[in-house]
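Subject: Structure handover

Hi,

Please look through it before you read my notes.

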Amino acid sequence: MMPYARYLILLTLALTMLVACEGPVDTTQLIVNTDDCIGCGECVEVCPYNAIEVINGDAVIDPSLCHFCYRCIEQCPEGAIY
Amino acid sequence: MPGRSDILMRNMISCLLLLPLAAMAVTLDGWMNVETGGDSLSPQMGDLEVGGFLQTGDWDILVLEKYASMDTTGIVERVVNTYSRTEIDIAVQAGPVRINPDLVWTSDLGDDKPELVLPVQAGVAYRQGSIRPGLGIEADVSENLRFFARGLYWNRDILQEDGYDLAWTDTRISGGATWDTPWSTSLTLTGTTHNTTSDYIDYDNTWNRYDVSVALHPNILTRNMYFSGDVTFSSYDGRNFLDREIADRLTSRVRLMQMGILPSISVNTTFESVVDFDDGTVRAACASLESRLVWRFLKDRDVPSSVVLSGRLARSSVRTERGGIFSRINIYRGLSLLLEAEARITPTSVAGAGPDRQRYVFGPGLEYQFGNRARIWGIVEQERTDLARNENWWRFRSGLEFYPGSVEF
């Protein structure tokens, strides 16, 4: 087997799962990808509901205050909120 | 109202904290980052960050001062504030216990204060700044077991148009334990409680979260493949702005890294899946796939060259997609040619733009690195955004990162 064939198989599997999940999705909270968040705080600045804070270098969204205006998603330079 | 005297006072507090250390043997690291730029929408934008890190045996102190400025012209909403932020982070190690008090002090300095929409339909108010003390304690009970606790308190200056202070405070307390098991996994239990109050608008809301998390540490599979993952179940007790119960959530993430897929090329892929348990209904809340390919070459030069290809697809209640390339190609000594291109789809708050905003950024630039002491760079970008009509604009960004090295005295 080619050295990277296993990787491609796993990648294909993940992609298949993503497509399978692409049905009607609904969310009750936005997600911050802590792997990608750089803690720059731009989301904090644009949030009109005071719902975001940077804690320990990662953006944290308060689920009781977030109104899903999506400004943080649009602003985030790393695309770490979705 | 916070102003220049406020900033002066904060810096004096930082200096007073550092004075007792003058009698000890200390190691000092300092750095400064400046980024500035301008375009047709925002003629002045930039930020300055100055940091210092002092180490004295069992003590260390981090002091950060950041100043950010951005105008608000144009129709595309971006950073809409000028602010100053001071962070002081102290860590003391006493045997197996680590005590970590910190302070974050933010002042909004622009003429137009950021507007906030208040909960319980209490209208709008204007943010002036906040001060946030915190205290963290960690204890390594044994080689494999660690307890931690952290308390944070925000006192926010938020004023209504008539000048009344809303007396807005947030309190967040969390604690838990992590056990590193003998089977390349770790188990973490965490409890968090968060309270927000504002006496002026009679708002008092508390929510609690209990997390159970299992993380699989990086494992080497065959052929230079690394694998790690984590699964977290978060149980919530509290209500959101619609006065509905906050849904419980199961988050799982798998990371795969393949080194040397071809010589000097590595690929890193992350798959994330989130499921919500909302009042008896189980629903797929989000799925995302992210992949990054890095090719490193000309490694024997002063500055190694690299090309990074990255992409992400995420599906939740909104659609976000991102793909891009960033390359640094060394030309001579510390001089490198930069090239970036990025395409993104995100939701937008721009009126009349439709549900999605598509943007494309392209730009070449130059960078010079003076060893590991300093880096100076400039890049010219063109951005095109599809709004009600297409908007195109040029932007120039530049930066200086300076690190003079460690000093012992």
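**Conventions**

This is a predicted model, so to speak of a local feature I need pLDDT of at least 70, side-chain atom pairs count only at pLDDT 80 or more, and totals for chains, interfaces and linings use all residues. Residues are numbered from 1 along each chain as its sequence is written, chains are lettered from A and ligands numbered from 1 in the order in which they are written, and side-chain values use heavy atoms, with hydrogens and water left out.

**Chain B overall**

Chain B has one helix and 21 strands. These are DSSP runs numbered from the N terminus: H or I with at least four residues for helices, E with at least two for strands. The chain has 409 residues, and 44% of them count as buried. Buried means under 20% relative accessible area, exposed means over 50%, and partly exposed is in between (1.4 Å probe, protein chains only).

Chain B exposes about 20,900 Å², with 59% of that supplied by carbon and sulfur atoms. Accessible areas come from the Shrake-Rupley method with a 1.4 Å probe; for residues, only the protein chains shown count as cover.

Contact means heavy atoms within 4.5 Å. Take the contacts in chain B between residues at least 6 apart in sequence: 47% of them join residues at least 24 apart.

B:Arg132 sits in strand β7 (residues 124-140) of chain B. Its relative accessibility is 8%, so B:Arg132 counts as buried. Leaving out residues up to four places away in sequence, B:Arg132 touches B:Asp102, B:Leu103, B:Val104, B:Leu152, B:Tyr153 and B:Trp154. The side chains of B:Arg132 and B:Asp102 also make a polar contact of 3.0 Å. A polar contact is a pair of N or O atoms within 3.5 Å; within protein, one must be able to donate a hydrogen and the other to accept it, and residues adjacent in sequence count only if both atoms are side-chain atoms.

B:Phe297 is in strand β15 (residues 281-297) of chain B. It counts as buried because its relative accessibility is 17%. Its contacts, not counting residues up to four places away in sequence, are B:Pro304, B:Ser305, B:Ser306, B:Val307 and B:Ile329. B:Phe297 and B:Leu339 are 42 residues apart along the chain, and their C-alpha atoms are separated by 16 Å.

**Salt bridges**

Side chains of opposite charge can pair when their charged atoms come close. The rule for a salt bridge is a side-chain nitrogen of Lys or Arg within 4 Å of a carboxyl oxygen of Asp or Glu. Over all chains, the structure holds 35 salt bridges.

- B:Arg292 and B:Glu290: the closest N and O atoms are 3.6 Å apart. B:Arg292 is partly exposed at 34% relative accessibility, whereas B:Glu290 is buried at 13%.
- B:Arg315 and B:Glu321: the N to O distance is 3.1 Å. Both residues are buried.
- B:Arg322 and B:Glu342: the closest N and O atoms are 2.7 Å apart. B:Arg322 lies in strand β17 (residues 319-332) and B:Glu342 in strand β18 (residues 335-347), so the pair ties together parts that are 20 residues apart in sequence. B:Arg322 is partly exposed at 23%, and B:Glu342 is partly exposed at 24%.

There is also a network: salt bridges that share partners join A:Glu74, B:Glu35, B:Glu340, B:Arg357, B:Glu381, B:Glu383, B:Arg395 and B:Arg397.

**Chain B against chain A**

How many residues does each chain bring to the contact? Chain B gives 77 and chain A gives 55. Together the chains bury about 5,800 Å², 55% of it on carbon and sulfur atoms. B:Phe241, B:Arg249 and B:Phe271 supply 10% of the area that chain B buries against chain A, more than any other three residues. Buried area is the accessible area (1.4 Å probe) that two parts lose on being put together, summed over both.

Six salt bridges are counted between chain B and chain A. One pairs B:Arg127 with A:Glu45, at 2.8 Å from N to O.

Best wishes
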